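Please look over the sequence and the model shown here. The paragraphs after it lead through a few places in turn.

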Amino acid sequence: MMSTEKAESVIIRINGPVVMADAMGYANLGDQVKVGHEGLTGEIISLENDVATIQVYENTIGIKPGEPVVTLGIPLSVTLGPGILKSIYDGIQRPLHKLEEQSGRFIGRGLTVSGIDVEAKWEFTPVAKVGDKVAALSVLGTIPETSLIVHKVMVPPNISGELVWVADAGEYAVTDVVAKIKTDAGEKEITIMQHWPIRTPRPAPKRLPPKIPMVTGQRVIDFLFPAARGGACAIPGGFGTGKTVTQHQLAKWSDVDIIVYVGCGERGNEMTQVLDEFPSLIDPHTNKPIMERTTLIANTSNMPVTAREASIYTGLTLAEYYRDMGYHVAMMADSSSRWAEALREISGRLEEMPAEEGYPAYLASRIGEVYERAGRVQITETNGDVREGSVTIIGAVSPPGGDFSEPVVTHTKRFVRTFWGLDRDLASARHFPSINWLTSYSEYDVSEWWEGRSDLSWKDLREEAMGILKEDDRLQNIVKLIGPDALPDRQRIILETARMIKEAFLQQSAFSDVDSYCPVEKQLAMMDVILYFHEQANKSLASGQTLHHVIGLEVVEDIYRMKEAIGQTEIEKFTELKNEIEEALGS
């Protein structure tokens, strides 16, 4: 129930989504407030004497000075508990289907809806026993949230003590008390449901180094520029370069347990496509609907700009909650540029001094706040059991005109260690994923994990492939001036091998039943075949064969077709292909 004790606080100024109210000296910075007669949701972002500056997360058209402002006394928070998965929220965790039930197709103002269903009953099974010593994040019981995910009811992060009562197995609502813990401050009742402020990172007991890759099945990512579990990654690219499709591929194929997809300020038609496609997608790892392990946050460009700013933090908090249960979570943010534009608009409304391109001076620190919440953590129970979870952040960046020197991209590069730069020329040439192998990079050392996958050395193969691609780029500048025929055969074979790497390896179809996903064993075998051809071709040229003869062999076409012709588990066929290369080149 909303308190009316401080109803004498009233609006004194309105500037779009920014509202100022007086007589707010009793409130705290960051408090959630209800604004106007309709009770619009807002957050205090500045306090000066008794005047509070509030950013409102709903449309402020029609409100006027003199209307009441009431603080709820708590920071803007999300509701945590079973029911998050399979849900589609707006930027402040209001379920869209519940909003539609209340106001129809257009979201009404002042609607208050719980982030999870408080009336639904869940099958709770206790795993902790009376008398157990429990600490923050200790698991008290489990709930089958979906057919893929078991929800773990945990002790809140700020509580520890002795378990003095735990509910029997049975059906409970999220508001029901399922445990009581004796602490130094007295007895605490624990419900299935928790609340957590979105701008406060959930504490991580122990951070682990990001040395295990997040396998995506996309060759240009896994092989050349791997992302680590718990890593921070960026996908910058201009309009039409494939950011959204790449994120869809990552959501579909990555070896993570849970996907949190935040559509932040994207066009309505793009978000509609996501909302239409995701519920119908089948998880290729389990053959069950991918929504069984997914939650979507939809905040399109025509929604209130301040809610766009909050949506990223909402998604992060949900991701951290499942991380604490011991799940590996990937949070997709599409796109952080629209989020930064929301910061710019709010800053302008506040009449703050602008920095480069009108963005606020604190843009870099805000971007850092987001990406530093990525991480791989280890949680140890009081009985010694250990579980591991991670949050991997993948942020799309949409620089105007594809300009990677603009502020959002340059500041993002300071805080991410994997950078997948999308290239307009590659996209125009229908080369997808259009990740440019010369501007992209990954600073994560995952070589130890790769060495256990196969007898082949990922590190050596990757270094040789990158060397050929870089030499190809240098030679292409010469070719533009004098043509390829002026180059010696040993350099022309580099051009041919580089083309083979680009077209037979890096290019990958998201719509192919065979090639949409490529396991790491197949990736190693494919690159090994290409580099073996390069080695044997050089030997053949040295023995007197002509370049025309070498690149005209039928086995060359077999190499180009291998990504489709050889199945994901038919690794032995790559050995046969190498034998064909050796026989054809006469080595």
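Predicted model: local features only at pLDDT ≥ 70, side-chain atom pairs only at ≥ 80, totals over all residues.

Residues are numbered from 1 along each chain as its sequence is written, and side-chain values use heavy atoms, with hydrogens and water left out.

The first topic is confidence. The average pLDDT of the chain (the predictor's confidence in each residue, from 0 to 100) is 92, and 99% of the residues score at least 70. Residues 1-7 have a pLDDT below 50, and in the model this stretch has 8 contacts beyond near neighbours in sequence; a contact means heavy atoms within 4.5 Å.

Next comes A525. This residue lies in helix α13, which spans residues 520-542; helices are DSSP runs of H or I with at least four residues, numbered from the N terminus. A525 counts as buried because its relative accessibility is 7%. Buried means under 20% relative accessible area, exposed over 50%, and partly exposed in between, with a 1.4 Å probe and protein chains only. With neighbours within four places in sequence left aside, A525 is in contact with L456, I571 and F574. Between the C-alpha atoms of A525 and I45 there are 55 Å, and the two residues are 480 residues apart along the chain.

The salt bridges are the last topic. Side chains of opposite charge can pair when their charged atoms come close. A salt bridge here is a side-chain nitrogen of Lys or Arg within 4 Å of a carboxyl oxygen of Asp or Glu. The whole structure holds 30 salt bridges.

One of them joins the side chains of R94 and D90 at 2.8 Å, N to O, and both R94 and D90 are buried. Another links D324 with R323 at 2.9 Å, N to O. D324 is buried, since its relative accessible area is 1%, and R323 counts as buried because its relative accessibility is 1%.

A further salt bridge pairs D558 with R561 at 2.7 Å, N to O. Why are D558 and R561 separated by about one helical turn? They are 3 residues apart in helix α15 (residues 554-565), so about one helical turn separates them. R561 counts as partly exposed because its relative accessibility is 44%.

Methods: Helix = DSSP H or I, 4+ residues; strand = E, 2+ residues; numbered from the N terminus.
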